[in-house]
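Visitor: I am new to this structure. Please show me how to read it, one feature at a time.

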Amino acid sequence: MKELFIRFVVGGTVVSVFAVFDDLLKPKSFAGLLGAAPSVALATLSLTVLKDGKAYAQTEARSMIVGAIAFFIYALCVSRLLVRHKLSALAVTASSILIWMAAAFGLWCAALR
Amino acid sequence: MQTSLDLSALGKTKWYEYALRFAFGGAITVAAGLIANKWGPGVGGLFLAFPAIFPASATLVEKHEKQKKTATRLDRTIRGREAAGLDAADAAIGSIGLIAFAVAIRRLMPLLSTWLVMICATLACLILRRDLVSAETRGRLRGRRKRHRPEHPIENR
């Protein structure tokens, strides 16, 4: 339970710091970069190395490459749907999580399993 | 292109929006840890690139753009959605930096201390993103200038 609490606080803090910089940075084209910041990865991998060691973190990083490719596909789809079809941002970003899931697990099964 | 910090933007974000981001970030970090414990680091690692805060930040971009009182209500809605769409396009470029981050972690972890690896990987990610966005913005501007230039300019005699 204590470990989960530490994870929650560390993860929340790192994500919030990146999000604040996301708000402050100008021009906005640079700020959008931090929307895909490695904030969750930074927090999780640091805690993973402390608990499970470097080899475990390296395996997670290998899968993260696949997850990041899935994020690229997800963000492209979201961008297209919002710019071309002018749909609601919340509806598009939330429903497109399924695209991320399909891409991430599809690539993982094909390349790493 | 020059980058700068706009401190006035801090006041535009409400306290509950910060709380929402904190909760999202904390929850996905806990979830990534639980998934790795249950199904191993192979599956857990996928969730290190999960678009956790992206839906919240895209919705905020849309909302902030809608609140600008420079156009009609319908225009503002469309503008808000377009702004969120452009934010997503930047995030797509940003995810290439995320790939660089993961590759750097994997390659450098056996060679350097953990903190040094984290700093190097984050810098690699942010520098690559900055350069990619600069290149993309330059390309976009060049394309726009080309479109606006007449094909057969009238010569001055």
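**A guided look**

Guide: Buried means under 20% relative accessible area, exposed over 50%, and partly exposed in between (1.4 Å probe, protein chains only). This is a predicted model, where local features need pLDDT of at least 70 and side-chain atom pairs pLDDT 80 or more, while totals for chains, interfaces and linings use all residues. Residues are numbered from 1 along each chain as written, chains are lettered from A and ligands numbered from 1 in written order, and side-chain values use heavy atoms, without hydrogens or water.

Visitor: Where in chain A does A:L107 lie?

Guide: A:L107 is part of helix α6 of chain A. Helices (H or I, at least four residues) and strands (E, at least two) are DSSP runs, numbered from the N terminus. Chain A has 6 helices and 1 strand, in the order α-β-α-α-α-α-α from the N terminus on. Chain B also has 6 helices and 1 strand, but its pattern along the sequence is β-α-α-α-α-α-α.

Visitor: How much of each chain counts as buried?

Guide: In chain A, 50% of the 113 residues count as buried. For chain B the figure is 43% of 157 residues.

Visitor: How should I read the meeting of the two chains?

Guide: The size of an interface is often given as the accessible area lost when the parts come together. Here chain A and chain B bury about 6,900 Å² between them (accessible area lost with a 1.4 Å probe, summed over both), and 75% of that is on carbon and sulfur atoms. Chain A brings 74 residues to the contact and chain B brings 80 (heavy atoms within 4.5 Å).

Visitor: How many salt bridges cross the interface of chain A and chain B?

Guide: Side chains of opposite charge can pair when their charged atoms come close. The rule asks for a side-chain nitrogen of Lys or Arg within 4 Å of a carboxyl oxygen of Asp or Glu. It finds 1 salt bridge across this interface: A:K86 pairs with B:E82, with the closest N and O atoms 2.9 Å apart. As for the side of chain A that touches chain B, α1 (2-24), α3 (39-52) and α4 are among the elements that each supply at least two residues. The largest share, 24 residues, comes from α4(A).

Visitor: How many salt bridges are there over all chains?

Guide: The whole structure has 4. One joins A:E3 and A:R7 at 3.3 Å, N to O; these two are 4 residues apart in helix α1 of chain A, so about one helical turn separates them. A:E3 is partly exposed at 33% relative accessibility, whereas A:R7 is buried at 6%.

Visitor: Which residue of helix α3 of chain A pairs with A:E3?

Guide: That residue is A:K51 in helix α3, so the pair ties helix α3 to helix α1 of chain A, joining parts 48 residues apart in sequence. The closest N and O atoms of A:K51 and A:E3 are 3.8 Å apart.

Visitor: And what about chain B?

Guide: There, B:E62 forms a salt bridge with B:R81, with a closest N to O distance of 3.1 Å. B:E62 lies in helix α4 (residues 54-66) and B:R81 in helix α5 (residues 73-108) of chain B, so the pair links parts 19 residues apart in sequence. B:E62 counts as buried, because its relative accessibility is 6%. Back in chain A, shared partners join A:E3, A:R7 and A:K51 into one network of salt bridges.

Definitions and conventions: Buried area is the accessible area (1.4 Å probe) that two parts lose on being put together, summed over both.
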